[in-house]
Amino acid sequence: MIDRAPWQGHRVEGWSYDVLDLNDRVVGVLADVDEDSPGSISRSVYTSPRDTATLTLTRRAPWDWTQHRVRITHVLHTAAGEVRHPVLTGTVSAPVEDHTDEAVQIALELSDKTGLLAGDQPSGSYGLAAGTSVSGAVRALIASTGDTGTLIGGSVEALALPMMWDAGTTKLRIANDLLDAGGFYALYCDGRGSFRADTYVPPDQRGTAWVFDRGYLPTWQRDADVYAVPNRVTVVGRSDDPEAPAPVAVAEDYNSDYGFNRRRRWVSVTETGIEATSLAQLQAICDRKLVTAQQVTETITITHPWLPIDLNEVVEVQHPRLPSPARCVVWKQSINLSLGGLTTSTMRRVR
């Protein structure tokens with residue numbers, strides 16, 4: 001859990017904007033960011049790239065944006081000194097200029113570095129042999145873009161069968177297909193710009209990053225067709241041997257609010273052609289799909305001062321109108337970079 005002490009009560013904070021070279025080394029400071037309307041950061045696990053931002057400048061910056069990047073860092077001033085949290089290291093698209101008689105505003109559009117993979121494709125069809133390391137193949141895809149910043153660790157997960165992608169498939173799609181087969185989250189970049197891929201952990205097994213209790217005003221919505229929520233999921237893996245039965249994994253729920261014991265009926269869904277590195281991983285994918293299918297659409301939104309909470313982290317929300325504390329996964333954030341600006345976090349309730 002995040003240490004709450006520096007983040008509670010009155011605090012002095014701000015944002016810094018560093019210019020980096022293509023090796024993510026700081027080479028200068030981005031000057032002339034509009035103090036009144038500096039811009040914002042948008043983050044979502046369901047978009048690609050996951051993190052984007054807009055920065056407003058009051059004049060042209062003397063940087064070649066084909067050779068430089070921008071890092072946005074939250075700076076908290078404490079009695080012990082500065083606490084710095086990089087939030088986004090982004091590539092810059094073509095600046096948009098807005099001219100008036102009195103002034104000019106330059107809008108810089110930033111995207112996290114997964115855009116390097118989203119904008120790149122192999123020269124033809126792309127295939128990997130059975131036995132290929134999932135993490136090794138993803139690291140090779142990242143290296144092929146010319147970027148070397150990666151924190152993807154080694155993994156025992158290897159492809160059980162060959163995988164093939166048609167010409168025109170982006171390297172990001174290939175990387176995420178591999179990671180999904182190996183039981184990882186989708187590829188993302190951390191605030192420093194390093195590529196990350198983390199092993200999927202069910203929400204009920206993740207630690208709580210933050211508790212939103214007094215002083216926060218949440219709103220929430222619930223939209224659920226509970227009659228159709230499944231309690232049995234079957235996934236059928238891919239097999240290259242037409243004479244052999246395809247591998248199958250089944251996940252059944254007996255005891256939850258949607259389980260068989262309470263409803264006295266099965267609500268089943270089946271998916272076929274699932275890529276998995278092993279039968280154990282196929283079962284893990286099946287279990288994950290059941291958990292996801294049972295997460296009814298109940299979202300909670302909280303507006304708060306910026307906190308070092310990452311997407312996919314678990315938080316707890318306490319409120320008098322909630323019958324019990326809500327355990328939630330953060331999936332979207334909008335960060336206002338103005339002085340005193342707030343962050344809006346949108347989270348999916350999982351319990």
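Is Arg 232 buried or partly exposed? I found Arg 232 partly exposed, at a relative accessible area of 22%. My cut-offs: buried is under 20% relative accessible area, exposed is over 50%, and partly exposed lies in between, with a 1.4 Å probe and protein chains only.

Ground rules. I am working on a predicted model, where local features need pLDDT of at least 70, side-chain atom pairs count only at pLDDT 80 or more, and totals for chains, interfaces and linings use all residues. Residues are numbered from 1 along each chain as its sequence is written, and side-chain values use heavy atoms, with hydrogens and water left out.

Entry: salt bridges. I counted a salt bridge when a side-chain nitrogen of Lys or Arg is within 4 Å of a carboxyl oxygen of Asp or Glu. The structure has 20 of them.

I looked up the partner of Arg 232. Arg 232 forms a salt bridge with Glu 252, at 3.1 Å from N to O. Arg 232 is in strand 15 (residues 232-237) and Glu 252 in strand 16 (residues 248-252), so this pair ties together parts 20 residues apart in sequence. Glu 252 is partly exposed too, at 36% relative accessibility.

Next I took Asp 24 and Lys 113. Their side chains meet in a salt bridge at 2.6 Å, N to O. Asp 24 sits in the loop between strand 1 (12-21) and strand 2 (26-29), while Lys 113 sits in the loop between strand 8 (104-112) and helix 1 (114-118). The two are 89 residues apart. Both are buried.

I also noted Arg 11 with Glu 13. Their closest N and O atoms are 3.1 Å apart. Arg 11 is buried at 14%, whereas Glu 13 is partly exposed at 24%.

Entry: cysteines. I searched for disulfides, meaning pairs of cysteine sulfur atoms within 2.5 Å. I found 0. Cys 189 is buried at 2% relative accessible area, and Cys 286 is buried at 0%.

Entry: strand 3. I called two strands paired if DSSP finds at least two bridges between them. Strand 3 (residues 39-44) runs antiparallel to strand 4 (residues 51-57), with 5 bridges. A hairpin of 6 residues connects them. Strand 3 also pairs antiparallel with strand 20 (residues 326-336), over 5 bridges.

Which residues partner Ser 40? I logged Thr 54 in strand 4 and Asn 336 in strand 20.

Terms used: Helix = DSSP H or I, 4+ residues; strand = E, 2+ residues; numbered from the N terminus.
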